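Please examine the sequence and the three-dimensional structure shown here. The briefing below is arranged by topic.

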Amino acid sequence: MFLERMKTVKESLTKRTKVVDLALSADLLNLWYQTEFGHYIKERELRVIADRFSQLPGYRLLRLGITSDPDSLECFSQLHRFSLHPSEGNGSHAALCDFIELPIPSGVIDVILMQHVLEFSVAPKAVLSEASRVIMPGGHLLLFVFNPFGVHGVVKFPLQLFGQKAQYRFHSLRLGRVMDWLSLLSFEALGIYHVAHGAFGRFSKSTGGVSRWEHWCQKVNLPFGNVYVIHGVKRETQ
């Protein structure tokens with residue numbers, strides 16, 4: 001009886017911590033992005049894109065994200081900018097598809113922007129490998145990942161146990177682990193940035209405002225932001 005009860009508890013905990021397929025969790029994640037903290041994460045990421053990546057060279061830019069975000073596409077200068085998604089049929093995506101099977105020929109994309117699709121995908125390594133396939137040699141990869149050592153990453157596990165909110169059901173992907181994957185896929189990291197150091201609901205609400213604490217954290221690139229960003233380039237011959 002005791003062993004059966006322990007087995008039931010174990011199965012319940014495993015189910016609560018299991019990452020759900022993005023096609024099923026996208027609607028709930030979209031609702032979370034409408035909250036105050038979701039808007040904060042989005043604003044900080046847009047700031048990084050505009051400041052550091054808006055002038056990347058190339059003709060085609062592909063965005064893979066957990067929600068629709070036309071603002072991030074508008075930050076870039078590529079003539080052909082489009083996004084794909086596994087479930088949102090609201091007209092803002094070029095196509096609906098599984099991220100481990102992109103309907104794109106190999107080696108044709110100049111820039112790929114991936115915003116949190118790794119940690120919210122069932123098979124993050126397979127998603128990254130597929131993105132590597134479609135990007136051309138010398139192409140740029142921009143990865144936005146929730147930091148396991150940021151506030152959002154630290155509170156993830158206890159909130160998984162006491163709730164079933166979609167925003168806490170993601171893989172805790174350490175920076176070093178993702179860097180190893182990129183190395184195996186022939187990517188060189190040109191820059192690593194840590195952003196969004198504010199805690200839940202504790203940040204400047206003024207338009208584009210950044211507190212002194214957050215400004216200092218970003219200046220020294222303190223590795224405890226809610227999000228880390230990897231700028232990689234594919235070092236592979238034609």
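The model is predicted. The structure holds nine aromatic pairs, and one of them is described below.

- Ser 121 is located in the loop that runs between strand E4 (109-115) and helix H5 (124-134).
- Its relative accessible area is 6%, which is under 20%, so Ser 121 counts as buried.
- From its side chain, Ser 121 reaches the backbone oxygen of Val 117 at 2.3 Å.
- When residues up to four places away in sequence are left out, Ser 121 touches Val 19, Val 127 and His 171.

**Aromatic rings**

- A pair of aromatic rings is described by the distance of the centres and the angle of the planes.
- The ring centres of Phe 120 and Phe 170 are 5.4 Å apart and the planes are at 50°, so this pair is tilted.
- Phe 120 lies in the loop between E4 and H5, while Phe 170 lies in the loop between helix H7 (156-162) and helix H8 (175-184); the pair therefore ties together parts that are 50 residues apart in sequence.
- Phe 120 and Phe 170 are both buried.
- One aromatic cluster is formed by Trp 32, Tyr 33, Phe 37, Tyr 40, Phe 120, Phe 146 and Phe 170.

**Nonpolar surface patch**

- On the surface, Trp 213, Trp 216 and Val 220 form a nonpolar patch, and together they have about 350 Å² of accessible area.
- Val 220 is in the loop between helix H9 (212-219) and strand E7 (227-234).
- Val 220 has 43% relative accessibility and therefore counts as partly exposed.

Methods. Residues numbered from 1 in each chain as written. Predicted model: local features only at pLDDT ≥ 70, side-chain atom pairs only at ≥ 80, totals over all residues. Heavy atoms only, no water. Helix = DSSP H or I, 4+ residues; strand = E, 2+ residues; numbered from the N terminus. Buried < 20%, exposed > 50% of the residue type's maximum accessible area, 1.4 Å probe, protein only. Polar contact = N/O pair within 3.5 Å; in protein donor to acceptor, adjacent residues only side chain to side chain. Contact = heavy atoms within 4.5 Å. Patch = residues over 30% accessible without salt bridge, like charges linked within 9 Å, V, L, I, M, F, W, Y side chains within 5 Å. Areas by Shrake-Rupley, 256 points an atom, 1.4 Å probe, with all protein chains shown as cover. Salt bridge = Lys/Arg side-chain N within 4 Å of Asp/Glu carboxyl O. Phe/Tyr/Trp six-rings, centres within 6.5 Å; stacked < 30°, edge-to-face > 60°.
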